[in-house]
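Student: I am new to this structure and would like to go through it in order. Please begin with a single residue and then widen the view.

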Amino acid sequence: MNGHGQSDGGIVPKKYPNKPKGAEGMEGRPSVKGNEQEHTNRPTQSGGDGMPKVLERIREAVRRDKEVKLTSLYHHVYNIDNLRIAYGKLKKRAAAGVDGETWQHYGQNLEENLKGLSGRLARGAYRAEPVRRVYIPKADGRQRPIGIPVLEDKMVQYVTAQIFTVIWEEEFLGFSYGFRPKRDPHQALDALEMGIERRKVNWVLDADIRGFFDTIGHEWLVKFIEQRIGDKRIIALIKKWLKAGVLEEGEWTESEGGTPQGGIISPILANIHLHYVFDLWVQQWRKRKAHGDVIVVRYADDFVVGFQYQEEAMRFWEELKGRMKKFELELHEGKTRLIEFGRYAAENRERSGEGKPETFNFLGFTHICSQTKAGWFTVKRKTIRKRKQAKLKEIKEGLRARMHWSIPEQGKWLASVLRGYFQYYGVPNNSYELWKFHYSVKWMWRRMIGRRSQRGQITWERMDRISQKYLPHPKICHPYPSQRILVTT
């Protein structure tokens, strides 16, 4: 890889979307986002527009020269106005890092604190603090490690992430959807469904990289960043965060690889890494080695590749293993598999006596070979069972914690939870699963109300009235993929 857009295979075209148009080619250019969990769209306290203008100038410079290395960026990072904007974007109630500093306490002496942080950054005295590691439950019962940086690290990371996103948005390919401006999981899902339905896809490789965020090679990542960043102070800043380490139960551990999940800078660093390791490589592979159709959809470290021919799918899988190994990564054997999937899968498997086509999971949905009422092939999506069970368990624990709330208070909380759930899982053909979820919540709520009453369980007639008053009905919140893609493109 060199600074002129070349990879192992030679010169790489900047965009190469799948057909039909829209399946991979949606390239939004919005204001930059960092980690969505760490900041909101709340207006900044400065009220100024300095950062947007700076970002636009950087964007124009990158567009003018696709091979330019930016050598003067660091002064934007320690600019007090930019740091003030970053502070205003952080979540007010976010957990504190190892220093215990909260958003509210830091803001009591905001200008002095910003001046001190800016000064330390400017003279090279800034030190990245270790992240505080906590664990959150996953749908499969395991624990996901999350790193919580200190407040000042979040602010500096926010500004840096803004700059990086503007630069690499001009490079990222159309089939990459995770952690990018104006892109979300449903666009990735739409692109995948459209690709499978409208291209000659007969085989699907459902892949996952084992412990990706924990195993990113620091040396490789720095080399990739240096493709576009020539400012050594920015590079030094990235190295500080990568080497800051983790503090867990009072014990510090050095970070030999990976980026802490939860850090604002982590999503853009992960995308940069996979852009060079996977995206550019797969782009060249399908252009030079594939004879049949190949579609690609990637969301962070989860990706699906569809093939017309089985032999090409198997060859790609084998070469992908070697590609990952070269960059100190590994495919998760238990989560990576090649299945027959597409418009002819059901017919072929029935002919060979293999039963119904297998399904695969992606972004919270199980994808199934199905048919429309008119008999046309379609991809049906329904909520992954483990995801649904994990959410119901979370609601059950939430109800237990709110047992002594009034029914209206409980109803208001449950309504908020259900609306959020339906907003994500409310896709066409998933109504049955949504109603099952709605009934399960209603059933759990009835049991909880009965447990706190001396009269025992309430009648279903009364529960139906309570449910009608407080629990929103399931709603399909998303259009069919073909409708949305036609609008956006």
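**From one residue to the fold**

Student: Is Ser118 buried or exposed?

Tutor: Ser118 counts as buried because its relative accessibility is 9%; buried means under 20% relative accessible area, exposed over 50%, and partly exposed in between, with a 1.4 Å probe and protein chains only. This is a predicted model, in which local features need pLDDT of at least 70 and side-chain atom pairs count only at pLDDT 80 or more, while totals for chains, interfaces and linings use all residues. Residues are numbered from 1 along each chain as its sequence is written, and side-chain values use heavy atoms, without hydrogens and water.

Student: Where is Ser118 placed?

Tutor: Ser118 is in helix H5, residues 110-122. Helices (H or I, at least four residues) and strands (E, at least two) are DSSP runs, numbered from the N terminus.

Student: Which residues is Ser118 in contact with, leaving aside its neighbours within four places in sequence?

Tutor: They are Tyr78, Ile80 and Leu83, where contact means heavy atoms within 4.5 Å. With Tyr78, the backbone oxygen lies 2.5 Å from a polar atom of the side chain of Ser118.

Student: New topic: which side chain does Arg199 join in a polar contact?

Tutor: The side chains of Arg199 and Asp293 are joined by a polar contact of 3.3 Å. Such a contact is a pair of N or O atoms within 3.5 Å; within protein, one must be able to donate a hydrogen and the other to accept it, and residues adjacent in sequence count only if both atoms are side-chain atoms. Arg199 sits in the loop between H7 and strand S5 (203-208), and it counts as buried because its relative accessibility is 16%.

Student: What about helix H15: how far apart are its end C-alpha atoms?

Tutor: They are 26 Å apart, which agrees with the 27 Å that its 19 residues (407-425) should span at 1.5 Å a residue. The expected span is 1.5 Å times one less than the number of residues.

Student: Which residues of H15 are buried?

Tutor: Among them are Ile407, Trp413, Leu414, Phe422 and Tyr425. The cover over the buried residues of H15 includes strands S12 (365-371) and S13 (377-383), as well as helices H14 (385-401), H16 (431-451) and H17 (460-470).

Student: How do S12 and S13 run?

Tutor: S12 and S13 run antiparallel and are joined by 7 bridges; two strands pair if DSSP finds at least two bridges between them. Thr366 stands opposite Lys382 in S13. The two strands form a hairpin with 5 residues between them, and Gly375 in the turn has a positive phi of about 90°. S13 is largely enclosed by the rest of the structure, because 5 of its 7 residues are buried.

Student: Which other residue has a positive phi, although it is not a glycine?

Tutor: One of these is Glu328, with a phi of about 65°. Most residues other than glycine have a negative phi. Glu328 lies in the loop between helix H12 (310-326) and strand S10 (337-340), and counts as exposed because its relative accessibility is 52%.

Student: Finally, how many helices and strands are in the chain?

Tutor: The chain has 18 helices and 13 strands. Of its 489 residues, 52% count as buried.
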